[in-house]
Amino acid sequence: MPEPILLVEQLSKRFGGIVATDQLSLAIPPGELHAIIGPNGAGKTTLIGQLTGELWPNGGRIIFNGDDVTTLPVHRRSALGLARSFQITSLFLDFTALDNVALAVQAHAGHSFRFWKPVRAERALRDPAMAAIERVGLADRANILVSRLSHGEHRQLEIAMALATRPRMLLLDEPMAGMGPEESARMVETLRELKKELTILLIEHDMEAVFALADRISVLVYGRVIACDTPENIRQNAEVRRAYLGEQQVATRHG
Amino acid sequence: MKMALCAAGAVLALAAAPAAAQDKIKIGFVSTFSGPTAVIGNDMRNSFELALDHLGRKMGGKDVEVIYEDDQQKPEVGLQKTQKLIQSDKVDFVVGYIWSNVLLASYKPVVESQTFLIGANAGPHQLAGEQCSPFFFSTSWQNDQTPQAMGLYMNQKGVKSVYLIGPNYAAGKDMLAGVASTFKGQIVGQDLTKWPDQLDFSAELSKARAANPEAIFVFYPGAAGAQFLNQYVQAGLKGKIPLYTAFTIDELTLPRQGDAALGVPGAQEWVNDLPNDANRKFVADYRKKHADVPGPTFYGAQSYDAAMLIDSAVKGTKGNLSDKNALRAELKKANFKSVRGNFKYGNNHFPIQNFYLQEAVKNPDGKLALKTVSTIVENDQDRFHEKCPMK
Amino acid sequence: MLLFIEQCLNGLQLGLLLFLLAAGLTLIFGIMDLVNLAHGSFYMLGAYFAATFAVMTDSFVLAALLAMLATLVVGMAVEVIAMRRLYGRDHLDHVLATFGLILFFNEFVRLAWGPEGRNIPLPSWLNTSIELLPGVPYSAYRLSIIVVALAVAFLLYLIVMRTRLGMLIRAGASNREMIGALGVNIKLLYTLIFGVGAALAGLAGLMQGAILTAQIGMGENILILAFVVIIIGGIGSIRGAFIASIMVGLIDTVGRSYLPEFFKLALSNEAAATAGPAMSSMLIYLLMALVLVVRPEGLFPAGGR
Amino acid sequence: MTVLSLRNLVVVVLLAGLLLLPIYAQVAGSPFLLTLFTRIVILAIAATSLNLIMGYGGMVSFGHAVYLGIGSYAVGICAFEGVESGFVQWPLAIAASALFALVIGALSLRTRGVYFIMITLAFAQMAYYVAIGLDRYGGDDGMILEARSRFAGLINLNDKTAFYYLCLALLFATIFLVWRLVNSRFGMVIQGARSNERRMRAIGFPVYRYRLVCFVIAGTICGLAGALLANFTDFVSPAAMHWTRSGDLIIMVVLGGMASPFGPLIGAVALLALEEALSGITEYWQIILGPMLLLIVLFARGGIDGILARLRHA
């Protein structure tokens, strides 16, 4: 196995008396699409929070691309190439779609203490932004105010923004939440394309998508990884079935 | 925006009124006509108007137009209104000013435009000293004079120690300095309170009591005077540590001070019962014309005198307002019957005058009134006149 | 030493008065998320109402009760006419709109009661002093302010901690959406809270008015102090408002009385006499800035419990 | 979008009016107009600088007038101590404001929302009381400026028309500067942080330092307005930085329209002209102005500029 791009060792996070992350370890090699599944309250969002730097763990280490990032602030991790999408859409609603993505490009194009040149005329920002928008299929909506886009388009835009930061790795927090079947199918296609170039950590409830896309799956229960394997083996794993999936659900969905 | 444009249009229209031909005398009157201290401004306006009535609304045969402006008790607003009076209304005289800081802020543009400024109340020491001007006259006093008189009175009463309390602004500091300059006993403590925000004096009264002086001197003009006196009584100090005041008890605050004011002495250059004809006429006609409001007060008396002063000068120059030197010479004569009794002007254009001791008493009808008790000092001149370069 | 105790008493009195004002402000802010600059106007109205009722009824206590009732009514009317349209809007909109209300109420009072201010006559049993400590008479009326304010604080504590209404208020202060989920008539609840807040402000105004006389604009300066209090205490927290108001009252009064002496040690007499009062007026702002630098959401953030 | 929308028309008329005002004042024989509008223009500079942080950056400072005070005290103290050259006074006013903004910004920007509003107020109040304590410089009374800043014969500030045009030029420069600024990379960061601060961090912006720089820029511009104000009134006093003055600035910006280049100017003209006009009608003018403000908030979101923009669509 090659050197992992993301290595999590013995991560713990407590809120008062509640243990949200419990001695969690994870190793993701470059190029993998790694999915994390688990029931509600398993600590998935807490984990993402610690990976992106919004929460600091009580113990353990996070190594990204060889650097210890455990206590690095959010923007520094982003600069290192760790990008995320938000579970609940978190966009700049009073900007256009293109402005949103261009801002993400700008974040990784040197410092922004440039006070004079009109930003909307900067090809160096606009072109890559447009490219990212095209990749998620929103080219014809680029100049529309984000507050007027649909929910599905918001999710697409989330991905485009994450892409625009030219990350080494994407953390996707439920990118398909609240989508209709058609939109989901489109998103699966987009992710399948991205998977060719990027390491992706995917947190998702849509099992169909997870099993269709993931190289490996970790199952999170009560803040611990109870299993980590290929989709095929996870489906067979008795402990996982018992704890989470349930015989019936697996049978009807994938049987 | 339409509304704003209309408003802007209205401003333009107002300001664009053609400057009136100079066949009448224009007077700008700046005082406080809004907020809690507006009562003082009203009293000044009532008295000034009464003076015009007594003059047949003419000065030296010319019609008189008075423009009243509200300074909102703020220096920069006073300045702005004063500039408007000079630049836009092109008045011949600017009169009024209750507050020293408003007067200080407004002073420069008036005297620089060679317009005569008649201060009807505030008398900051700068204007009596180094910054005195040929274009400034006062019909009141220099701030220090009244408390100086009070200091003298405390000496006469044999008071050995005093605690001083006053507001932290120009006049407040002048007042306390004034007492300190004539009082021969010991000053055991002094508090300057935030002005005009602070109206709770509990901490200061507690300190004053603990310092155990023979007397407390305060200066709180306007409504603050009522507030101080109430708290002084509630703190149980009345009858224990006697209070001496300047500008703290007047006809406007008396109704709200009530019995708390009885027997508290104050110094003043004018009292409503001063026995001269001009004063009797002024007080009686004021009370007849404005039966619904208390007054007149010394603020009003000074404003009344201001009108009479201007009238005497205009008469003296036979209505020729363009000869500023002649006009100044006439003003300097103070050739009119002042309601405080006649006075002379010193080199700095501040009055040389008597100061009286006044006290609140209960009339037979149960109403409170101020009355003259004695003359503290005669022909008193302020202590800054030597610093004024004018002869 | 006796002087120090007396000054602490003075500070406590000022602090408790601030609490009456701040309690309503912090609830309105915490629950309706409304920045109400016009809260000081209710303080002023309370004093003016009391002045009028005192003349009509010849009884201070009766006048006080009637004045509170009147400010309650005015407060609820203002909520129904204007405030409820502002919920959910930007804080800046609140600032502009309620600033407009301040101007309106100030001028309204000037038209209705005249510019000269009103006296609230005290009954003789309050207008005296009591020898609380040996040799230190203390104003009976100031003492009564302390007692009344403490009683109100206790009553508020009981209501907030022990009743269903209080439960709703606490829930609302930490999580606004929740009250809606509980199926409560929110409109009515908001109107009620706003009215009670106004009545408490009115009570503070009339109590203070008997010392300071009723004045136009008396609410504005103390309003800023009340805001300082609720910020230090943490928005939406009654407990925070209580502790912070006493802190502010003590620091202001004690600072005012001792700082000038303190400055005399370092400066000339005259400089100290000017710098002292200026510095002591600064103290509470210094306190607020310090609290916010260390705890950016106040001492007792309501959401944090 | 038509070039001559109502909104553009109003702006053009307003700018032309401001440019031609001295001529009108001359012809109409009412020099006071020039005084009134010099004050409006100076306060519009201050309001425009506030709009940069408040409208575009979402940083609601309730202590912005403090720079008016610092700027005017820099001029006043220099003049008092005998330094009358504007080449010393004005850079000093600007530097002092920038330094103060840096310090209070560094501390205040740790807080959010209404806590930010109040902490900026606290710092401004502290500066206010410091000024009251400045006995040498008049304390509470303030001091009269003996002479206006001298610029070695380049411009004579005692010439009312020249001074007006200087203020107007600085206002236009400020509006242009703010406009360029908000449309630059820097401006995008500032506006992004107003819109969604959390996301800004997530995509890799250290938001705090950009905000701080923005805060300092706004303070600096307002400090310059303070230097102008001192020269305009020939008077310096703590009143210039009282919290009510900061409130006035906020009201101008909100009234005119936040995050709009000309909004603060429109707001300043509207508010001050309205005050002047209403107070000419009745002594009780605030009873009209108050409900008017309330109605504007209730029925006209986005201030006057917002109304104009909507009328274009109608």
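Seven residues touch the most other members of the largest nonpolar core, which has 428 residues: A:Val101, A:Ile133, A:Ala160, C:Ala50, C:Ala226, C:Val229 and C:Met288. Such a core is a set of buried Ala, Val, Leu, Ile, Met, Phe, Trp, Tyr and Cys residues joined through C-beta atoms within 7 Å; a residue is buried if 20 or more other C-beta atoms, placed from the backbone, lie within 10 Å of its own, exposed if 12 or fewer, and partly exposed in between. The element that gives the most to this core is helix H2 (residues 31–56) of chain D, with 18 residues. The model is predicted: local features need pLDDT of at least 70, side-chain atom pairs count only at pLDDT 80 or more, and totals for chains, interfaces and linings use all residues. Residues are numbered from 1 along each chain as its sequence is written, while chains are lettered from A and ligands numbered from 1 in the order in which they are written.

Beyond its neighbours within four places in sequence, A:Ile133 is in contact with A:Ala97, A:Leu98, A:Val101, A:Leu138, A:Ala139, A:Ala142 and A:Ala160, where contact requires C-beta atoms, placed from the backbone, to lie within 7 Å.

Turning to the chains as partners, four pairs are in contact, and chains C and D share the most contacts. Chain A does not touch chain B, the nearest C-alpha atoms being 25 Å apart; nor does chain A touch chain C, with nearest C-alpha atoms 12 Å apart.

Chain B contains 13 helices and 14 strands, counted as DSSP runs numbered from the N terminus (helices: H or I, at least four residues; strands: E, at least two). Its radius of gyration is 21 Å, close to the 21 Å from the globule rule for 391 residues, so chain B is as compact as a globular protein of that length; the radius is taken over C-alpha atoms, and the rule is 2.2 Å times the number of residues to the power 0.38. The C-alpha trace of chain B spans about 65 × 55 × 45 Å along its principal axes, and 62% of the 391 residues count as buried. Among contacts in chain B between residues at least 6 apart in sequence, 72% join residues at least 24 apart.

As for confidence, chain B averages a pLDDT of 88, with 94% of the residues scoring at least 70; pLDDT is the predictor's confidence in each residue, from 0 to 100. Over residues 1–21 of chain B, pLDDT stays under 50, and the model has 31 contacts beyond four places in sequence for this stretch.

Technical notes:
Two residues are in contact if their C-beta atoms, placed from the backbone, lie within 7 Å.
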